[in-house]
Amino acid sequence: MKFKLNIALAAFLLPLGSQSMAADAPLTGLFKTIKDVTISEVAGNEMVINGLQMTSGDSCTLETPTVGANWAGDTLMLSSTAGAATPEAGATPYGETSGVGCSTGISVPGVYEIDGASGASVDITLANASAGGISFVPAGCASDYDDAADGDLCAVLAVGTTNIDLATSNDEVVSAGNGQPEAGKSRIALGGTVTSTIGLSAATAYVVPFDIVVTY
Amino acid sequence: MQPKKTKLALACGALCLGVSGASIADTFNLTVNTIGDVTILQEVQMDFGENITTDASGSCAMNIATPPAATLLTDTVLVFTGTNYGDLTGANCVGVLGTPGVYSITGEAGLDVTITLTDEVQAGGDYTFTPAGSAVIYDGGALGDTIGSLAVNTPTASVTLADVTGGDLGGVIDGETRFAVGGTIAVGATGLTSDTDYIATFNVNVIY
């Protein structure tokens, strides 16, 4: 009986040495590329500085939109700043100018929409611009989201690069009376300072192209 | 006299058998029990998420160096800490966290298996995927499990399956081990298409 048991044990171990017990599994993982980031001007919000009255060397500043002053409003900025000391409906008046080169009158800050991947971190780069004897130094802020209800900020923008986070679906939950964030988006409000190196002609529109660069 | 003669014949018969070398034979059964096949099962599918840029010649890597104990079913929380588990790093990442793949291997409790993680040619576009894996090596006792870092395209031997009877704890299933898979997506010179789903394929082979 003992001999018989030894034989059985030896046979039991045999397959271990033969390496015949194996499994092979082709497996797959997933990934998705993000959508390209784009930026466009929000209709009706092309930046215009009215009432310039400049001689060479004069400047005029379109007040910089921020959460504390000259605020564009939560609705326009697709932002929910509930809890922050901001007028959610926007500052009144909005689009004021100041400087020796300005006369009275309301101007229009520029508002631009970034559209990219939900929650993505993007760099916004502003640069000085000039054309036709007028230089322009942009400044403003961009909606910066917190991936949660309310509590959004407006990140101050100046010449250089600023990083913000685009909205997520969690940002779309907002308190009543606030703006409505949209996943994957942010908005930029810009003012800035124009300076002339020439005497400007009366009743003439001058155009200064400038770039906003947005990258992931 | 007749009964006495019969006794002699029987005695002679027995004697003749003992001295002639003749044999007696019988048949016995040998039972052969093979061990169970080793199997591989996907518990969680690896997913980098919508976190990859289309930029050419960059990469994005997902960390799986120290998976959490609760995910891989081990009692050794001081080793399986979950630190940086699923973190995404690299020029082609825009998010910070992906979902590592989790797979279970089932076989005979306490035995060693050899795992071979293999990369594959990706058919979906201009990218490669190099998997990285971390498996639980059970110690057959409490709190002594270790991490087996799985080499790519080279067998990793001596990955010990759990032996609950021997003392492995942590919710592990007897005869099982688990491993997590992340790795690196490297985008080629052409780049990828935006807003597009891709598949990263790899292969796992397990043998006793």
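**Architecture and chain pairing in a predicted two-chain model**

Chain A contains one helix and twelve strands, where helices (H or I, at least four residues) and strands (E, at least two) are DSSP runs, numbered from the N terminus. The structure is a predicted model, in which local features need pLDDT of at least 70, side-chain atom pairs count only at pLDDT 80 or more, and totals for chains, interfaces and linings use all residues. Residues are numbered from 1 along each chain as its sequence is written, and chains are lettered from A and ligands numbered from 1 in the order in which they are written.

From the N terminus on, the elements of chain A follow the order α-β-β-β-β-β-β-β-β-β-β-β-β. Chain B has two helices and ten strands, and its pattern along the sequence is α-β-β-α-β-β-β-β-β-β-β-β. Of the 216 residues in chain A, 35% are buried; a residue is buried if 20 or more other C-beta atoms lie within 10 Å of its own, exposed if 12 or fewer, and partly exposed in between, with C-beta atoms placed from the backbone. In chain B, buried residues make up 35% of the 208 residues.

Contacts were assigned to pairs of residues whose C-beta atoms, placed from the backbone, lie within 7 Å. Among contacts in chain A between residues at least 6 apart in sequence, 72% join residues at least 24 apart. For chain B, the corresponding share of contacts between residues at least 6 apart that join residues at least 24 apart is 75%.

Confidence was examined for chain A. The average pLDDT of chain A is 86, and 88% of the residues score at least 70; pLDDT is the predictor's confidence in each residue, from 0 to 100. Within chain A, confidence is lowest in helix 1, at a mean of 39, and highest in strand 5 (residues 110-115), at 97. Over residues 1-19 of chain A, pLDDT stays under 50, and the model has 15 contacts beyond four places in sequence for this stretch.

The two chains meet through 28 residues of chain A, which are in contact with 41 residues of chain B. On the side of chain A that touches chain B, helix 1 (2-18) and strand 1 of chain A each supply at least two residues. Strand 1 of chain A gives the largest share of that side, eleven residues. By type, the residues of the side of chain A that touches chain B comprise 18 nonpolar, five polar and five charged. Here Ala, Val, Leu, Ile, Met, Phe, Trp, Tyr, Cys and Pro count as nonpolar, Asp, Glu, Lys and Arg as charged, and the others, Gly among them, as polar.

An open sheet of four strands has the order 1(A)-10(B)-5(B)-8(B), with antiparallel pairing; two strands pair if DSSP finds at least two bridges between them. Strand 1 of chain A and strand 8 (156-160) of chain B each have a single partner strand and stand at the edges, so one side of each is left without a neighbour in the sheet. Neighbouring strands of this sheet are turned by 35° against each other on average, direction ignored; axes are lines fitted to C-alpha atoms, for helices over the stretch in contact, and angles run from 0 to 180 degrees between N-to-C directions.

Eleven bridges connect strand 1 (residues 22-32) of chain A with strand 10 (residues 197-207) of chain B, and the two run antiparallel. In this pairing, Asp24(A) has Asn205(B) as its bridge partner, and Ala25(A) stands opposite Val204(B). Strand 10 of chain B is also joined by six bridges to strand 5 (residues 112-119) of chain B, again antiparallel. There, Asn205(B) is the bridge partner of Thr116(B).

A second open sheet, within chain A, has three strands in the order 10-6-12 with antiparallel pairing. Strand 6 (residues 121-126) and strand 10 of chain A are joined by six bridges, and Val122(A) stands opposite Ile164(A) in strand 10.

The largest nonpolar core has 77 residues, and those with the most contacts inside it are Val122(A), Ile124(A), Ile188(A), Val113(B), Ile115(B) and Ile185(B). Such a core is a set of buried Ala, Val, Leu, Ile, Met, Phe, Trp, Tyr and Cys residues joined through C-beta atoms within 7 Å. Another core lies apart from it and has nine residues, among them Ile49(A), Leu52(A), Cys60(A) and Leu62(A).
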